[in-house]
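Please have the model open as you read.

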Amino acid sequence: MDILAVAQQAAIASYPWIGKGKKNDADGAGTEAMRNRMNLIDMDGTIVIGEGEMDEAPMLYINERLGTGKGPKVDIAVDPVEGTTFLSKGQENSLTVVAVSAKGSLLHAPDMYMKKLAVGPKAKGHINIQASLTENMKSVAKALGKDLTELTVMIQDRPRHNYLIKQVFDVGARVKLFPDGDVTGAIATAIEELEVDILVGIGGAPEGVIAATALKCLGGDFQGQLVPQNKEEFDRCLRMGLSNPKRVFTLNEIVRTDECFFVATGITDGMLLKGVRKKDNGLMVSHSFLTGKGISERYQLIEANHSLIR
Ligand code: VTB
């Protein structure tokens, strides 16, 4: 419940910046609220995925210790505003996301691109990021007992993904292209009503670790492969102890535990969650998605009323 409150407070703090064209202010507000609430929790937390390196980010930087220091030792992966650009433009699908997991269990992914392949529980064990998308679609369709033409593949709408989109069209399957926010896309594969079977494409590696944690909790599957763009990024991987930066990371290598928990709170409306609302009486309403240890269902959706903070 404490982690839920962290996500709710961050989303509510970002709300005033929706559609204002000021993405840094939105991110700053979400980050500060998240850090303040996190520091009230009885835990000894370390940020492993956050706002950047210590010299780049004043708060929630990698290796920052959070919490009162009294409780369990945990790894924390956050994105106070997943989708600052589209939040600042008033567009859909911006979220606050927080993942917490046993100490030392999350991949320390550098902030660079990662190729990702995600599926829901029924297709778990039937993906291989090194094979073509066509081969993966065949194997996933078989696992789901669907015809290839009934498959829906979510892909971020970027020229770098045109070759993937072509493979979907060539087998007669369906794409669901999205402008931004691949954490939502990855989670969608594990929520049957959303009718998404596969998420594939290149996006941020930090978002990949966060999405992988959610899929671990949801019983889905995920594979990732870092895509360093130049020698500097390649060398950064080596310095971070990744001796073979282009190797494939399986879900169990990205999240090396079942002791994990994930929560997302909508900021703007999206396919997974409604955004924050402000009622006429000043009350704020938030919508959150919870999964992982301590949650009795596979996932829970929570709508909550909040009095205005500060
Ligand atoms: C990715 C994706 C994110 O931004 O990082 C993307 O993982 C950036 O892609 O979910 P481009 O470099 O092509 O803009 C998001 O979509 C939003 O943060």
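Lys-115, Leu-117, Ile-129, Ala-131, Ser-132, Leu-133, Asn-136, Leu-164 and Val-200 line the largest cavity. Here a cavity is a set of points, on a 1 Å grid over the protein atoms alone, where a 1.4 Å probe fits but cannot get out, and lining residues have an atom within 4 Å of a point. The volume of this largest cavity is about 40 Å³, where grid points are joined across faces, edges and corners and the volume is the space filled by probe spheres set on them. One cavity of 30 Å³ or more is counted by this rule.

At least two lining residues each come from β5 (113-119) and α4; helices (H or I, at least four residues) and strands (E, at least two) are DSSP runs, numbered from the N terminus. By class, the cavity lining has six nonpolar residues, two polar and one charged, with Ala, Val, Leu, Ile, Met, Phe, Trp, Tyr, Cys and Pro as nonpolar, Asp, Glu, Lys and Arg as charged, and the others, Gly among them, as polar.

## About the model

This is a predicted model, in which local features need pLDDT of at least 70 and side-chain atom pairs pLDDT 80 or more, while totals for chains, interfaces and linings use all residues. Residues are numbered from 1 along each chain as its sequence is written, and side-chain values use heavy atoms, leaving out hydrogens and water.

The largest pocket holds about 750 Å³ of space; a pocket is an open set of points with protein on both sides within 12 Å along at least five of seven lines. Its lining counts 33 residues, with Asp-79, Glu-82, Asp-111, Pro-206 and Glu-207 the closest to the centre. Elements giving two or more residues are β1 (44-49), β3 (73-82), α3 (84-88), β8 (198-204) and α7 (205-218), and β3 gives the most, with four.

The pocket lining comprises 13 charged, 11 nonpolar and nine polar residues. Because domain 1 (2-104 + 260-306) and domain 2 (113-254) both contribute to this lining, the pocket lies between them; the domain bounds come from an automatic or database assignment.

## Helix packing

Helices α4 (residues 133-144) and α5 (residues 162-170) pack at about 45°, their axes 9 Å apart. Axes are lines fitted to C-alpha atoms over the stretch in contact, and angles run from 0 to 180 degrees between N-to-C directions. This makes α4 oblique to α5 (under 35 degrees is roughly parallel, over 145 roughly antiparallel, 65 to 115 roughly perpendicular, the rest oblique).

The axes of α1 (residues 2-14) and α2 (residues 23-38) come within 8 Å and cross at roughly 155°. That makes α1 roughly antiparallel to α2.
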